[in-house]
Every structure is written in structure tokens, then in C-alpha cells.
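Subject: Structure handover

Hi,

Here is the structure I promised to pass on. My notes follow below it, so please read them with the structure open.

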Amino acid sequence: MSSASTSRAMLKTLSVVKKVKMGKRVEKILKDKGGSTSAQDNGDDDPNKTPEPYICTGIFEADFTEFCRRNLLKDNEIPAVVIRPKPPCAQAPPDNKSKDSKDSNASKDPTPDEGVDAANQEEAPPKTYVTKDKYAYFRPVVQVEMENEDKPTTVTEIYIRGWKVDSLMVGIFKQCWPIIEKLSVVNLWNVNLSEDVVKEFASFLPQCQNLKTLVIDGTWCPEEPWSLLIGEDSLLTSLSLRNNGITDKGAVMIGKALSTVKSSNKNLVSLNLSGNKITDVGAVAIANGLRMNRVLLSLSLANNNVSDEGAKKLGEVLSRFPLTHEEVVERRKLLSEKGSPDQGLLKSPPPSRRDRDRPGSVRSSSHMDKTDKKRDKSSKKKDTKRSDKDKDDARSNRSSADGRKGEKEDGKSSKTDAKKDKDDTTKGKKEDKWKKGLLKASIASFVADTMSTKTSKGKKTSSKDKRVPESDSPEILEAINPLLEQVESMDNQLWIPGNRCLINLNLSRNKITDTGMKGLLLAVQYQITLLNLAPSPAMKGILRMSLTGNDVKKTDETYVKLQEVLLARDPYYKPPEKGGGDNQSLAG
């Protein structure tokens, strides 16, 4: 009996030891996976316990769904993240190598498989539609585009269509989007944004370092706070606000965001405001925003209510305009801080060490000695002349009298000739002054542009070029403030050249007549004359201007001439060949 009891006890102990070992193995596996069953059970049982902070992984789909759940959204309320559908592409042309390989295989194998050939010949055509469940089309969806669909961290574009983006959803985007490294485009259509939502967008969009294009179309906002998107901290290079019902109220704020006397947007390159309700008041405000802005390249005001007054103001800003009192004051401040632009051309030699600390009225001893020597020499010459005159008085009386008469006559003729020469020189100087004044600004801008193009091309610099001090190199690459350009005084006002950085202007489908067309024609002609005087690769002026659909006849003389001038400047225009082909129309 004792032996049987002992054996049973031994078996029980062995089973207990095995269970303990299995439990330890399970705990190790759970620890490796990142959690324990007990902790999860306790977390599920305690609803009041605050969840641990979530660290974004950079995968937009996972981060977006997790933040939605943490904001107490149900699974059927969370918008799905899907890849943006693309239209079916055309079939690629067959490769010649594959054809040759097939032919070689066919020659080797005299009995090819007929079933395989039939399947290749009867390929299904590509589908142009996708079937979905009932009401699935109307559910909120976030569409994305990726560089590589196998890598979810390579999201480059985000599209949202036809559902309201409220403050809760913007808070989720604020946590997800800055983590996406390659996000460059955000496209929103008909999302019904409020003023607070737009302000929230403007606050965190600069944190997305690679986000350069923002499209918000078909979205009405009564407060029109769109100017917040292009503030001083904005990194956007392209902004589209089409069909948003923007009035003159929003256009005035957008014009101030483009530039003021003391600040200007330095990143925005393209601005699209087509399909809104902007009138001449808003067009004038946007034109004023172009006065000090030298970054914007493309502006679209198509399909608005702009008429002749707005067109004239745009033409004035593109050609030349007078400075206001506030701009003149700011120009004087800039000149006092940086110095006159012509100061570097006429530099005096640096003073010597002795003259640096000496007042202007005190002369040096060497200078005093030189003046004393000159006086002594002149006095000696006078004494010798007097002695010679006393000795030869009798001999030189007659000759001196005759000589004085001849000298008087020669002196009169020489004086008249000198007066004529002075008059000719003064006239020549006056005639050359205006030429020099016109060419000063062109030479300065041309030198700056050539230096900037050389540095931008990345050419190798020699050891001598590397010795240039650091304080001088950024001044060459720095953009010139429009207030520091060469001015011209007319009618007690200071005039400066207008904006020549804008190359594309769309004013189609507005209410501009022939009077507005004249102002635009003068602006383009003025830019062409300046470009001929001083060719500048950075400031070429208007290259394309769309004017179709306005209140002017296509046979109008001004309209036809403007189209001819613009057609010669259009970089995409190809003249018809002489041999044949239909002539292209001049309608722009």
C-alpha cells in the first residue's frame, strides 16, 4: 500500500510541474506579442480607465481608424480608406521580343496547344465600371493614392468627396497627416467647412512639410476665411478655391494675404479663384496684392464679374504704378537700412588709419608742408620775373604793347570757343542723363539675374570664388524688394516698374469691354519694351492671357492686336508650317 500511494503522489507532482512549465511558456509568448491576457481582461472590464497614448505609425489607414475608435465612433461610422479608382488604361503594345520567342517556340513545337491560343485570343475587355452594394456609393470614403500600393506608408495624395468634414474629423486629420512623410496633395470637394474648421486646417497644414497643393472646391463658407490658408507660415505653392461663392469680402482678405507694404507671401505660385462672385472691388484688392508680390506666377479670375475697372487696375499693376505715401515711407526706411542701390557703384577709397580719427577741419602736417613749398616756389618765380622786367624795360615797351593787343584779340576768341564747348558738353550731359537713369535699374537687375542663374546651375567654383566673404554671398541671391527698384519721378510722384513675375492671367468669361482691353494691351507692350531694354530670365512678364467670353467683339481692333501680341509670346504656340496645314485661329 505504501508503494502505491507513493507512486500516485509522484504522478501528481509530475503533472503539476508540466502545467507550470506550460504556463510559463504561454506567458513568454504573450510577452513577445506585446501584452498579457490579464492586462487585457482588466482593461476591457474597466470602462473608466483612460487608454494609453497612441503613437502614430505612419500608416494612414491604421492611424485613422484607431483615432476614430478612440473618439467613440462606431465601426459602421468610420469612413473607409480605399485606393482611388483610376480609369482603365489602354493595353500595352506587344513586345517584339515576346513575339520572336513565341515564333521560335512555335517552330520548335509543331503541335502547339490550341486551348492556350484560344484563351489568349479571347481576352476579356477592361471594365469601365465597378459594382457596389446598395447605398455603398453614398457612404463617406477617404480615397488615397500611393507611390507603391504594397507599401502603405507611401501615401502621396488624399481625396475627400461629398461629405461634411466637421471639427472632430479635422482633429483626427491633425494627428494623422503631419506624420505622413510623402503627403503632397490634399483635394477636398463639397465638404461643407465652417470657419472654425478652416482655422484648424490653417493651423496644422504648415506642419506637413511636403504638402504643397491644396484644393478646396465647391465648398461654401459664409465667413470666407480662405486667406488664412496662405498666411506667412504657409508652405503651399498651389491653392484652388473654385466655385466657393467667394465675394469681394473674401477677395479683399486674399489680396492682403498676397502682400502688404511690410510683408508678402513667399511660397504661393498658383492661385485659382474661378467660378466665384468677385467684382471690380475684389479684383482691385487682388491687384493691390500683386504690387509687392514677386512670387505668384499664375492667377485665374475666370467666370467672375470683373469689368473694365478691375482690368485697368490689373494692367496698371503689370506696367508701372505710383507709390503711395505709406510705400514711400517704407522705401526710405529700407534705403536707410541697406543703403542706396547706386551706393556700391561709386565707392570712395577707404580712408587711411591716420585720417579715420581726425576731424574734417584738421589738416595733416604733410599736407601743410606741401602747401608751404608751393607758396615758396611761386614767390621765387615772381622775384625773378621782376628783376628781368627792370633790366629790359626799354627794350620790351614796344613789343609788349604790340603783344598785348594780339593777346586781347586771341583771348576774346578763346573765350568764345570755350563758352561754345561748355554749352555743347552741358547739352550732351543733359541728353545722356535720362539714358543713364533708365539703364541703371536694367543693368543692376541684369547683373543680379545672371549671378543668380550661375549659382543655381551648380557650376564648379574655383578656390578664388570660395574666398568671397559670407556676408557678401547672400546679398547676390536675395530677392530684390520692389520698393528698392529704380524709381522715376513724374507729377510729383515716384513711379516704379510693375509686376513682371506673373506669367499667366486668366480673365475669361467676365464683363470686360474694349476699354479694359486697352489697359491690358498697354501693360503687355510696356513689359515688352522693358524686356528689350534689359533681358531678364526671371522677369519675362505676361506670356499667356485668356480673354475669351468677355463683352467685346472678336473683330475689335484692340482685342485682335492684343491677341497677336500674346500669340507671339505664348511659349506653347507653334506657328503653322509653310508647306500646308490649317492656320491656327487667333482666339485666346
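This is a predicted model: local features need pLDDT of at least 70, side-chain atom pairs count only at pLDDT 80 or more; totals for chains, interfaces and linings use all residues.

Is Q525 buried or exposed, or does Q525 fall in between? Q525 is partly exposed, because its relative accessible area is 27% (buried means under 20%, exposed over 50%, partly exposed in between, with a 1.4 Å probe and protein chains only). Q525 belongs to helix α17, residues 514-533 (helices are DSSP runs of H or I with at least four residues, strands are runs of E with at least two, and both are numbered from the N terminus).

Residues are numbered from 1 along each chain as its sequence is written, and side-chain values use heavy atoms, with hydrogens and water left out.

Now to the strands. An open sheet is formed by 3 strands in the order β9-β11-β10, with antiparallel pairing (two strands pair if DSSP finds at least two bridges between them). β9 (320-322) and β10 (488-490) are at the edges with a single partner strand each, so one side of each has no neighbour in the sheet. Between β9 and β11 (residues 493-497) there are 3 bridges, and P322 has W495 as its bridge partner in β11.

Elsewhere, strand β4 (residues 185-189) runs parallel to β5 and is joined to it by 5 bridges; V185 is partnered with T213 in β5. Strand β5 (residues 213-217) is largely enclosed by the rest of the structure, because 4 of its 5 residues are buried.

On the inside, the largest nonpolar core holds 79 residues (a core is a set of buried Ala, Val, Leu, Ile, Met, Phe, Trp, Tyr and Cys residues joined through side-chain atoms within 4.5 Å). Among those with the most contacts inside this core are F60, I158 and W177. Beyond its neighbours within four places in sequence, I158 is in contact with residues including F60, V142, W177 and V185 (contact means heavy atoms within 4.5 Å). A second, separate core of 8 residues includes L323, L483, L484 and I496.

Best wishes
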